[in-house]
Amino acid sequence: GSAPIAPRPAGPKLGFGAGLRALFRGVAWVMGSPSVWPLAAVPVVIAFVLVGAATAGGLVLAERLVAPLVAAQGLAAVVAVVGRIFFSLVALLVALALGIALAQPLAAPALDALAKRRARELGVTAFADVGPLAAMGRSIRVVGLALLVGVPTIAALSLVTIFVPALAIVSVPAKFFVAGVLAAWDIFDTPFGLAGMGVRARLAFMRESFGACVAIGLAFAAVALVPGLGLFAIPMAVAGATEVWAAKAARV
């Protein structure tokens with residue numbers, strides 16, 4: 001590693017179209033580069049392991065919760081069956097949430113390696129020296145901040161939709177837009193981390209090239225509407241975000 005890279009202070013702003021083009025090129029690059037497929041598969045593998053382990057643990061806990069009623073008869077037996085189904089569903093939903101939420105942070109070292117390969121092809125050769133544990137910690141903090149801001153915002157917009165249905169024409173697109181911005185914040189964490197950029201530098205970059213950043217975030221949020229598909233899209237979105245960042249990074 002070497003000194004962190006600073007984004008160029010000058011230069012044209014990157015708009016929505018530039019972001020989409022970078023994303024499509026990122027998709028083509030990942031699909032056409034077999035050497036990065038093992039890195040691209042890491043988020044999916046981690047998610048499957050986490051979901052499997054959490055589901056197994058949750059099902060064992062569910063069985064223990066209803067165990068006192070298993071041998072019962074009458075109403076208690078019905079309660080046992082309903083309880084087993086309910087707690088099993090809760091266990092599965094919690095496992096899915098954990099797997100999806102933690103897959104990207106735990107895969108941060110692999111995504112960093114993938115982004116470095118892409119950045120080198122784009123002419124960037126110097127990166128901040130960040131170890132695997134530091135990369136995971138950085139990604140967890142970024143995701144945590146996004147959840148801290150995003151969950152209350154999306155929850156508030158959902159309440160508006162429920163209690164004032166007439167405003168759904170505004171609140172529903174607003175929820176999707178917020179989800180896209182938060183997705184961009186998460187996805188760009190990888191190239192930003194390679195550059196050793198702090199929160200202020202990240203916000204300045206996203207503000208200057210908001211169109212390009214939000215284009216990638218919205219596209220990823222749309223794909224993520226299909227459960228599990230977002231995990232496969234993470235490496236491609238990271239490759240696209242890396243191109244957007246590299247377009248403004250100082251060449252070494």
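Tutor: Here is a look at one helix, with its surroundings. This is a predicted model: local features need pLDDT of at least 70, side-chain atom pairs count only at pLDDT 80 or more, and totals for chains, interfaces and linings use all residues. Residues are numbered from 1 along each chain as its sequence is written, and side-chain values use heavy atoms, with hydrogens and water left out.

Start with the whole chain. Its secondary structure comes to ten helices and zero strands. Helices (H or I, at least four residues) and strands (E, at least two) are DSSP runs, numbered from the N terminus. Of the 252 residues in the chain, 40% are buried. Buried means under 20% relative accessible area, exposed means over 50%, and partly exposed is in between, with a 1.4 Å probe and protein chains only.

Now go to helix α8, residues 199-208. Arg202, Phe205 and Met206 are buried there. They cover an arc of only 95 degrees around the axis, so they sit on the same side of α8. The arc is that of the directions from the helix axis to the C-beta atoms. Turn to the other side of α8: Arg200 and Arg207 are exposed.

What do the buried residues of α8 pack against? Their partners are α5 (132-163), α6 (168-187), α7 (189-194), α9 (210-224) and α10 (229-246). Contact means heavy atoms within 4.5 Å.

Follow one of those partners, α9. The axes of α9 and helix α1 (residues 16-31) come within 6 Å and cross at roughly 50 degrees. That makes α1 oblique to α9. Axes are lines fitted to C-alpha atoms, for helices over the stretch in contact, and angles run from 0 to 180 degrees between N-to-C directions. Angles under 35 degrees count as roughly parallel, over 145 as roughly antiparallel, 65 to 115 as roughly perpendicular and the rest as oblique.

Which residues meet? Phe16, Gly19, Leu20 and Leu23 in α1 meet a set in α9 that includes Gly211, Val214 and Leu218. The residues of this contact of α1 with α9 divide into nine nonpolar, two polar and no charged.

Another partner of α8 is α5, and Arg141 lies in α5. Arg141 counts as exposed because its relative accessibility is 57%. Its C-alpha atom is separated by 9.9 Å from that of Asp186, 45 residues apart along the chain.

Terms used: Nonpolar A, V, L, I, M, F, W, Y, C, P; charged D, E, K, R; others polar.
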